[in-house]
There are 2 protein chains.
Amino acid sequence: MQPNWRSVDAQTFLDNRGALKVLDGPVLPFLPQRVFWVTGVSKNETRGFHAHRTGHQLMFCIQGGVSVRLFDGLIDQKVAISPNSPGIHVMPGVWGEQTYLEDDSILLVLSSIAFSEDDYIRSKEEFELFIQQAK
Amino acid sequence: MQPNWRSVDAQTFLDNRGALKVLDGPVLPFLPQRVFWVTGVSKNETRGFHAHRTGHQLMFCIQGGVSVRLFDGLIDQKVAISPNSPGIHVMPGVWGEQTYLEDDSILLVLSSIAFSEDDYIRSKEEFELFIQQAK
C-alpha cells in the first residue's frame, strides 16, 4: 500500500560560496499557486492540524529540523525533514502536523492551489467523514 | 522613468506560534516554474552576476539581510532586503548581484521559467549588447 505522500529531492549545488537548492522542471509536481514559509517557531511547537481536500503541497525544511506527521486514514507516519533530507510531496486528503525540532527551523511550502478556506479540513471529525466518503 | 523591478509584499501572519509569510493569488506575478533557495553564504560574499533574457524572478530574504544590486543599463540601484522588508520582482534584462550581509542570510527565489542556460547573460559585454539591441 502506497501512502499519499512521497519524498522529493531538490538539486543541490554546493561550493565555497554557499549552498543552492533547486526545484525545477519535472521535480516540481505542480506549478505553485501559493508559496509560504514559516519562521520564528519555538522548539517543540506544532503547527498544521489540517488536511486539504484538493490541494497538493511540497514541503522543504530550509533550516533546522521539522517532524512532519502524515495521516491518510490508514497510514500514520512521522517523517523528519532537514536541509540535508528530501522534501515531501503531500497529496490531498492527508492530515498534517509539523513539529519544529529546533528554535530556528524554517519550513518552505509550495501549494498547488491559491488559498481557499473551503479546501481546508480543520477538525478530526470532518477528516474522518472525508476519509469515509473517499472510500 | 520606471526601473525594471518593483517591490512585492508578502502577507504576514504573526502569532505566538511564529511567523507565516505568504505569496498567493494576485501577489504572485507569475506561476513559478523554478524555485530555489540559497543558504550558507559567508558575510559579504556576492553571488549572481547575470541577467535573464526572458525570465522574471521574485526574490525574498527569509533570514538575515541581502543587498541586491539591480542594473538595467540606465538605472543602477542597490536595495537591501530582509525578512521585514518586501521582496523584489526582477523583470527580464536586469543585471543582478546579491551581497549577503550576514552569515546566516537566506534568499528565496521564484523564477517564471525552468532552467535554460540560453536565458542567462553572464558577462558584462553580452549584457551591454543585449541592452543595445533592446533599445
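Student: What volume does the largest pocket have?

Tutor: About 580 Å³. Keep in mind that this is a predicted model.

Student: How many residues line the largest pocket, and which lie nearest its centre?

Tutor: The lining has 30 residues. Nearest the centre are Leu20(A), Arg47(B), His50(B), Tyr120(B) and Arg122(B).

Student: Which elements each supply at least two residues of that lining?

Tutor: From chain A, β2 (11-15) and β3 (18-24). From chain B, β4 (34-39), β5 (46-52), β6 (57-63), β10 (95-100) and β11 (106-111).

Student: Where does the largest share come from?

Tutor: From β5(B), with six residues.

Student: And by class, what is in the lining of the largest pocket?

Tutor: There are 16 nonpolar, eight polar and six charged residues.

Student: OK, the second largest pocket. How much space lies in it?

Tutor: About 500 Å³. Its lining has 29 residues. Closest to the centre are Phe36(A), Gly48(A), His50(A), Tyr120(A) and Leu20(B).

Student: Which elements give two or more residues there?

Tutor: On chain A, they are β4 (34-39), β5 (46-52), β6 (57-63), β10 (95-100) and β11 (106-111). On chain B, they are β2 (11-15) and β3 (18-24). The largest share, six residues, comes from β5(A).

Student: What about classes in the second largest pocket?

Tutor: Its lining has 16 nonpolar, eight polar and five charged residues.

Student: What area do chain B and chain A bury between them?

Tutor: About 3100 Å². Carbon and sulfur atoms carry 56% of that.

Student: Which three residues of chain B supply more of its buried area than any other three?

Tutor: Arg17(B), Trp37(B) and Arg47(B). Together they supply 24% of the area that chain B buries against chain A.

Student: New topic. How many disulfides does a search of the whole structure find?

Tutor: Zero, over all chains.

Student: Is Cys61(A) buried or exposed?

Tutor: Cys61(A) counts as buried, at 3% relative accessibility. Cys61(B) counts as buried too, at 4%.

Student: Now Pro86(A). Where does it lie?

Tutor: In the loop between β8 (76-81) and β9 (87-90) of chain A. Pro86(A) counts as partly exposed, at 30% relative accessibility.

Student: What is Pro86(A) in contact with, leaving aside neighbours within four places in sequence?

Tutor: Ser7(A), Val8(A), Asp9(A), Phe60(A) and Ile81(A).

Student: How far apart are Pro86(A) and Gln11(A)?

Tutor: They are 75 residues apart in sequence. In space, C-alpha to C-alpha, the distance is 9.6 Å.

Student: Last one, Ser67(B). Which strand is it in?

Tutor: Ser67(B) lies in β7 (residues 66-71) of chain B.

Student: Buried or exposed?

Tutor: Ser67(B) is buried, because its relative accessible area is 16% and the cut-off for buried is under 20%.

Student: What does Ser67(B) touch, not counting residues up to four places away in sequence?

Tutor: Lys78(B), Val79(B), Ala80(B), Glu97(B), Gln98(B), Thr99(B) and Leu101(B).

Definitions and conventions:
Residues numbered from 1 in each chain as written. Chains lettered and ligands numbered in written order. Predicted model: local features only at pLDDT ≥ 70, side-chain atom pairs only at ≥ 80, totals over all residues. Heavy atoms only, no water. 1 Å grid on protein atoms, 1.4 Å probe; cavity = no way out; pocket = protein on both sides within 12 Å on 5 of 7 lines; lining within 4 Å. Points joined across faces, edges and corners; volume = space filled by probe spheres on them. Helix = DSSP H or I, 4+ residues; strand = E, 2+ residues; numbered from the N terminus. Nonpolar A, V, L, I, M, F, W, Y, C, P; charged D, E, K, R; others polar. Disulfide = S-S within 2.5 Å. Buried < 20%, exposed > 50% of the residue type's maximum accessible area, 1.4 Å probe, protein only. Buried area = accessible area lost by both parts, 1.4 Å probe. Contact = heavy atoms within 4.5 Å.
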